[in-house]
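Hi everyone, thanks for coming. Let me put the structure up on the screen, and then I'll walk you through a few spots in it.

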Amino acid sequence: MYLLNDSFNSGPPQYLHLDINSCFATVEQLYHLELRNKPLAVVARDTASGCVLAASYQAKAYGVKTGMRRFEAVKLCPQLLFTTPHPDKYRYIHRQLKQLLTFVTHLITPRSIDEFVLDLDYNLKLGQDPLNLAQKIKYKIAKEIGPVLTVSIGLGPSPFIAKTAASFQKPDGLTNISAYNYLDIYSKMELIDFCGIASRLAPRLNAAGIFTPLDFYAASLEQLKSVFASVHAHYWYLNLRGWPLITPPSPQKSLGHSYVLPSAQPRKLILPTISQLLERTCQRLRQESLQARGFGLYLGCQDGPNYFQHVTFPQPVSDHLSFWPPLHRFI
């Protein structure tokens with residue numbers, strides 16, 4: 001049973017969401033002076049068909065995106081630089097950043113290798129200003145890790161609103177969404193800016209008369225039920241109003257995504273599609289605070305043999321970078 005609140009949560013910004021900007025590319029620039037302030041792509045393999053795992057903001061300015069193949073990215077940005085991933089570096093920065101954040105609170109929840117959520121309940125009781133704490137975090141990161149490592153920080157009365165705020169202004173942003181400005185913030189967003197609303201779900205919202213975030217907020221519970229047809233209608237009703245969700249533990253043992261190709265293609269050519277499916281799956285893992293102990297890839301063919309491979313990880317993971325080595329062995 002969920003208590004529905006019609007108004008936006010007027011409580012203080014109890015949650016702080018921190019997101020490293022273009023994490024893998026930024027960490028590479030942090031370690032290598034020659035890569036700083038230049039368009040850079042971290043690719044799964046150093047080949048023409050290697051998939052882009054991350055792009056620096058200098059590269060994003062040319063339209064380079066995650067999931068592109070290297071030769072596609074070069075067409076957009078001929079001067080683009082490349083490097084293959086170095087997971088040990090990213091994990092080290094993750095641990096270093098988590099330790100740095102303990103000067104604020106020990107109530108820290110890593111959402112992924114590049115995201116953290118801080119519960120500021122105790123800080124608020126001490127009379128500390130969340131905006132001031134966020135600015136101190138940025139200052140300490142620049143001083144103790146390096147000014148190249150920029151982060152976007154969001155504040156809000158719920159984890160969802162804090163994450164939305166962190167995504168509102170990138171790179172190096174600091175946004176507080178509250179009962180005083182949420183309508184202004186929502187008016188400057190698109191539906192797909194909300195975490196969990198992908199481009200394939202937006203048309204379903206449109207069919208229910210929901211075209212903008214303000215429409216989404218104003219939608220009745222019955223309208224949302226017509227779109228989601230599940231308890232997620234209640235979740236979204238509360239999320240959009242800044243109320244933290246109290247959900248029972250998930251009994252789910254596995255999750256995944258699938259996609260039907262318009263025509264038969266060689267396995268090597270479907271790597272970008274697999275990359276996008278993998279990223280969406282890992283995003284769901286993090287949203288539900290889950291980790292994976294194994295990973296499987298299934299390719300079904302209408303007029304040929306099916307293909308299946310599975311691998312078990314030595315430790316549970318949730319970042320998509322950990323899935324790439326076995327994925328490339330499969331393909």
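First, some housekeeping. This is a predicted model, so to speak of local features we need pLDDT of at least 70, side-chain atom pairs count only at pLDDT 80 or more, and totals for chains, interfaces and linings use all residues. Residues are numbered from 1 along each chain as its sequence is written, and side-chain values use heavy atoms, with hydrogens and water left out.

Okay, helices. Two packed helices are described by the angle between their axes and the distance between the axes. The axes are lines fitted to C-alpha atoms, for helices over the stretch in contact, and the angles run from 0 to 180 degrees between N-to-C directions. Helices here are DSSP runs (H or I, at least four residues), strands are too (E, at least two), and both are numbered from the N terminus.

Take helix 1, residues 23-31, and helix 4, residues 87-101: their axes are 10 Å apart and they pack at about 90°. That's why we call helix 1 and helix 4 roughly perpendicular (65 to 115 degrees; under 35 is roughly parallel, over 145 roughly antiparallel, and the rest oblique). Who makes the contact, meaning heavy atoms within 4.5 Å? On helix 1 it's Phe-24, Val-27, Glu-28, Leu-30 and Tyr-31, and on helix 4 it's Lys-89, Tyr-90, Tyr-92 and Ile-93.

Now helix 11, residues 221-228, and helix 12, residues 232-239. Their axes come within 8 Å and cross at roughly 130°, which makes helix 11 oblique to helix 12. Helix 11 brings Leu-221, Leu-224, Lys-225 and Phe-228 to the contact, while helix 12 brings His-232, Ala-233, His-234, Trp-236 and Tyr-237.

On to the single residues. Is Ser-152 buried or exposed? It's buried, because its relative accessibility is 0% (buried means under 20% relative accessible area, exposed over 50%, partly exposed in between, with a 1.4 Å probe and protein chains only). Ser-152 sits in strand 7, residues 151-156. Leaving out residues up to four places away in sequence, Ser-152 touches several others, including His-17, Asp-19, Lys-170 and Gly-173. With Gly-173, the Ser-152 side chain reaches the backbone nitrogen at 3.2 Å.

Last one: Thr-83, in strand 4, residues 81-83. Thr-83 is buried as well, with a relative accessible area of 15%. With the residues up to four places away left out again, Thr-83 touches Glu-28, Leu-40, Ala-41, Val-42 and Val-43.

Definitions and conventions. Contact means heavy atoms within 4.5 Å. A polar contact is a pair of N or O atoms within 3.5 Å; within protein, one must be able to donate a hydrogen and the other to accept it, and residues adjacent in sequence count only if both atoms are side-chain atoms.
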